[in-house]
Amino acid sequence: MKIEEFSLERIQSLYENTVEFNLSDSGVHPYSLNELLSAEQRAKLMEVELGYGWTNGAVELREDIAKLYRNRTSDEVIVTNGSAEANFLMVMSLIEPGDEIVVFVPNYLQIWGWARAIGATVKEVKLREELGWTPDLDEVRRAITPRTKLMTICNPNNPTGSLLSRETMDALVEIARAQGCYLHADEVYKGAELETDEPPSFADLYEKAIITSGLSKAMALPGLRIGWLVGPAKDIYTAWQNKDYTSITTSALSEHIARIVIQPAKRAEILQRSKTILRENLALLTNWVKANEEFFSFVPPKAGGMAFIRYSHSMNSTELVHRLREDRGIMLLPGDVYGMDGYIRIGIGAPGDHLSAGLERLSDYLKSQPR
């Protein structure tokens, strides 16, 4: 097995904590425990025993997660250390050397990289900017073959913030069902829709859907490292077998807090906070793009904590990001890590004054450069 470097995670982990203005995050500014929990809840947290729990997640937590979906049981849920472990377990449980998968790109490329590492054939279907960063369904149909075992999509999308319509979701389910393949959806940004109500999960629409989700992005709790997989019970059991070889279990403290935050009223409160931050920052970003339209353009995101910005300068995106980091103390994510030079990803989940100051430095830098 030869594992390719995960460029997106590498560049962030190297530099995101070394700059004055980190605009590379894709989530919402995280809570503190004081902000998140009541005094009574904090006191109860101090009583949690720091032992091992269920290796597939506490029964009560899995039952609560199952209630986020229609007609799902705790046997169809496994709790993981973040959605990254959920993605890993999904690939290692379902995909074998020689299998064919279809990946919608741009995308968070963890699944793309793991599938290639184990010897699967990875076919790409491009999301179309002219279609609001959604797929051309005819291209999807042409990409599917009798060997296709799984399609995987990020919805809402990372990095573009696009959101599939219900009609497109139904069409993808129809394509997957006709082939009999799995349909995996990374739904970690679900709940952070900016213009519409929260849509159904693919798990509510298709019997062979596999869902990755968690508390890191829309729920603004990345430090808990709580994610999950939802899918057919037999496949979730296989993921549990594989988890015994990885992290064994999640944190007892994190699982305790997770049960609190996914209760309907608390979840709604958290998501409303996220939407308020994201809507205010998207308005700020939109005005900034208009004021600097000779340099930047974008399709405004419809959900999630980021925007994918096209820039007009000829400089390579990775080079641009490093120059901004070294000269202006700003961290962005280059389009290169998605295989799309000429773009940068800007997080819109940071405090507004932080985002505004970082954007000012970005536009000042490009204005100072020969074109």
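**Salt bridges, pockets and cavities in the predicted model**

The side chains of Glu 207 and Arg 177 are joined by a salt bridge, at 2.9 Å from N to O. This pair connects distant parts of the chain, with Glu 207 in the loop between β7 and β8 and Arg 177 in helix α8 (residues 166-179), 30 residues apart. Glu 207 is partly exposed, because its relative accessibility is 47%. Arg 177 likewise counts as partly exposed, at 41% relative accessibility. The structure described here is a predicted model.

In total, the structure holds 20 salt bridges. Side chains of opposite charge can pair when their charged atoms come close. A further salt bridge is formed by Asp 99 with Lys 149, whose closest N and O atoms are 3.2 Å apart. Distant parts of the chain are again linked by this pair: Asp 99 belongs to the loop between α5 and β3 (100-105), Lys 149 to strand β6, and the two are 50 residues apart. Asp 99 has a relative accessible area of 15% and is therefore buried, whereas Lys 149, at 25% relative accessibility, counts as partly exposed.

Another salt bridge is found within a helix. Asp 138 pairs with Arg 141, the closest N and O atoms being 3.1 Å apart. Both residues lie in helix α7 (residues 137-143), with a spacing of 3 residues, about one turn of the helix. The relative accessible area of Asp 138 is 44%, so this residue is partly exposed; Arg 141 is partly exposed as well, with a value of 42%.

Empty space in the model was examined next. Rolling a probe the size of a water molecule over the atoms shows where empty space is left. The largest pocket has a volume of about 830 Å³. Its lining consists of 35 residues, of which Asp 25, Ser 26, Gly 27, Lys 217 and Pro 222 are the closest to the centre of the pocket. Two or more lining residues come from each of the elements α1 (7-15), α5 (82-94) and β14 (343-347). The largest share, 4 residues, is supplied by α1. By residue class, the lining of the largest pocket comprises 13 nonpolar, 15 polar and 7 charged residues.

The structure also holds 4 cavities of 30 Å³ or more. The largest cavity contains about 170 Å³ of space. Among the 15 residues that line the largest cavity, Leu 68, Lys 190, Ser 213, Trp 228 and Arg 267 lie nearest its centre. At least two lining residues are supplied by each of β8 and α11 (264-291). The lining of the largest cavity divides into 9 nonpolar, 2 polar and 4 charged residues. Ser 213 is located in strand β8 (residues 209-214) and is buried, because its relative accessible area is 8%.

The second largest cavity holds about 70 Å³ of space. Of its 13 lining residues, those nearest the centre are Asn 107, Tyr 108, Ile 111, Thr 152 and His 184. The elements α6 (110-117), β6 (148-154) and β7 (182-186) give two or more residues to this lining. The lining of the second largest cavity is made up of 7 nonpolar, 5 polar and 1 charged residues.

Met 92 is found in helix α5 and, at 30% relative accessibility, counts as partly exposed.

How values were computed
Residues are numbered from 1 along each chain as its sequence is written. This is a predicted model: local features need pLDDT of at least 70, side-chain atom pairs count only at pLDDT 80 or more; totals for chains, interfaces and linings use all residues. Side-chain values use heavy atoms; hydrogens and water are left out. On a 1 Å grid over the protein atoms alone, a cavity is a set of points where a 1.4 Å probe fits but cannot get out, and a pocket is an open set with protein on both sides within 12 Å along at least five of seven lines; lining residues have an atom within 4 Å of a point. Grid points are joined across faces, edges and corners, and a volume is the space filled by probe spheres set on the points. Ala, Val, Leu, Ile, Met, Phe, Trp, Tyr, Cys and Pro count as nonpolar, Asp, Glu, Lys and Arg as charged, and the others, Gly among them, as polar. Buried means under 20% relative accessible area, exposed over 50%, partly exposed in between (1.4 Å probe, protein chains only). A salt bridge is a side-chain nitrogen of Lys or Arg within 4 Å of a carboxyl oxygen of Asp or Glu.
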